[in-house]
Amino acid sequence: MTSEQLQELLNKIPAITIITIFIVTIALVVLYIVGMWRIFEKAGESGWKCLIPIYNQYTLFKMFWKTSYFWIVLVLSIAYGFCSGLALTVPALSTVVSIISLVTFVFSVFLNYRISASFGHGIGYCIGLILLPFIFTLILGFNQDEYYEY
């Protein structure tokens, strides 16, 4: 292999890497959607509801918790977006942004726990849903566990 061929190969690696990351990302998103579709159907909702961005979160809160918590999270998310934009000019808002982020994360953890418990699983499965959502969502969607209102 000549030095020109080696240089050409090295120049192609970033493009190949980007394409590979893109393909893997698309595959993971598709797997997640398939798993969520099945979870929605197992819980008695139409699967297509998992495809609509804000409505899918509303439906998750409706199925597994309370819709009032969805509205709290939605308001916090809007406040987060507003405050994070202003945090560059008003440094005190950085603390507010951090607190809002922490609170929404806690709500997310509790929602994942409620999803896990509704299918008869515990905290370990909840951690799996948080850390490896593509895998655990698929498992939850396709295993034989039944949905119980928790």
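Predicted model: local features only at pLDDT ≥ 70, side-chain atom pairs only at ≥ 80, totals over all residues.
Buried, in what follows, means under 20% relative accessible area. I start there because Cys50, at 9% relative accessibility, counts as buried by that cut-off.

The protein chain has six helices and zero strands. Along the sequence the pattern reads α-α-α-α-α-α. The radius of gyration is 20 Å, while the globule rule gives 15 Å for 150 residues, so the chain is more spread out than a compact globule. Along the principal axes, the C-alpha atoms fill a box of roughly 65 × 50 × 30 Å. As for burial, 28% of the 150 residues count as buried. If we take contacts with a separation of 6 or more, 47% of them are between residues 24 or more positions apart.

Now the cysteines. How many disulfides does a search of the whole structure find? The search finds zero. A disulfide is a covalent bond between the sulfur atoms of two cysteines. For Cys50, the closest cysteine sulfur is in Cys126, and at 20 Å that is too far for a bond. The cut-off for calling a pair a disulfide is 2.5 Å between the sulfur atoms. Cys83 is another cysteine to note: its relative accessibility is 12%, so Cys83 counts as buried.

Staying with Cys50 for a moment, one of its contacts is Ile33. Ile33 is found in helix H1 and touches Cys50 and Leu51, if we do not count residues up to four places away in sequence. Is Ile33 buried or partly exposed? At 31% relative accessibility, Ile33 counts as partly exposed. Ile33 and Phe64 are 31 residues apart in sequence, and their C-alpha atoms are 18 Å apart in space.

The largest pocket has a volume of about 420 Å³. It is lined by 23 residues, and the closest to its centre are Gln57, Leu60, Ser108, Leu111 and Asn112. Two or more lining residues come from each of helix H1 (3–42), helix H2 (53–64), helix H3 (67–86), helix H4 (93–118), helix H5 (123–131) and helix H6 (133–142). Which helix gives the largest share of the lining? That is H4, with eight residues. By residue type, the lining divides into 17 nonpolar, six polar and no charged.

Two more residues, and then I am done. Ser118 sits in helix H4. Its relative accessibility is 1%, so Ser118 counts as buried. Leaving aside neighbours within four places in sequence, what is Ser118 in contact with? The partners are Phe64, Glu146, Tyr147, Tyr148 and Tyr150.

Beyond its neighbours within four places in sequence, Gly128 is in contact with Pro133 and Phe136. Gly128 also has a listed distance to Asn112: 16 residues apart in sequence and 9.4 Å apart in space, C-alpha to C-alpha. Asn112, you will recall, is among the residues closest to the centre of the largest pocket.

That is what I have on this model.

Key. Residues numbered from 1 in each chain as written. Heavy atoms only, no water. 1 Å grid on protein atoms, 1.4 Å probe; cavity = no way out; pocket = protein on both sides within 12 Å on 5 of 7 lines; lining within 4 Å. Points joined across faces, edges and corners; volume = space filled by probe spheres on them. Helix = DSSP H or I, 4+ residues; strand = E, 2+ residues; numbered from the N terminus. Nonpolar A, V, L, I, M, F, W, Y, C, P; charged D, E, K, R; others polar. Buried < 20%, exposed > 50% of the residue type's maximum accessible area, 1.4 Å probe, protein only. Contact = heavy atoms within 4.5 Å. Rg over C-alpha atoms; globule rule 2.2 N^0.38 Å.
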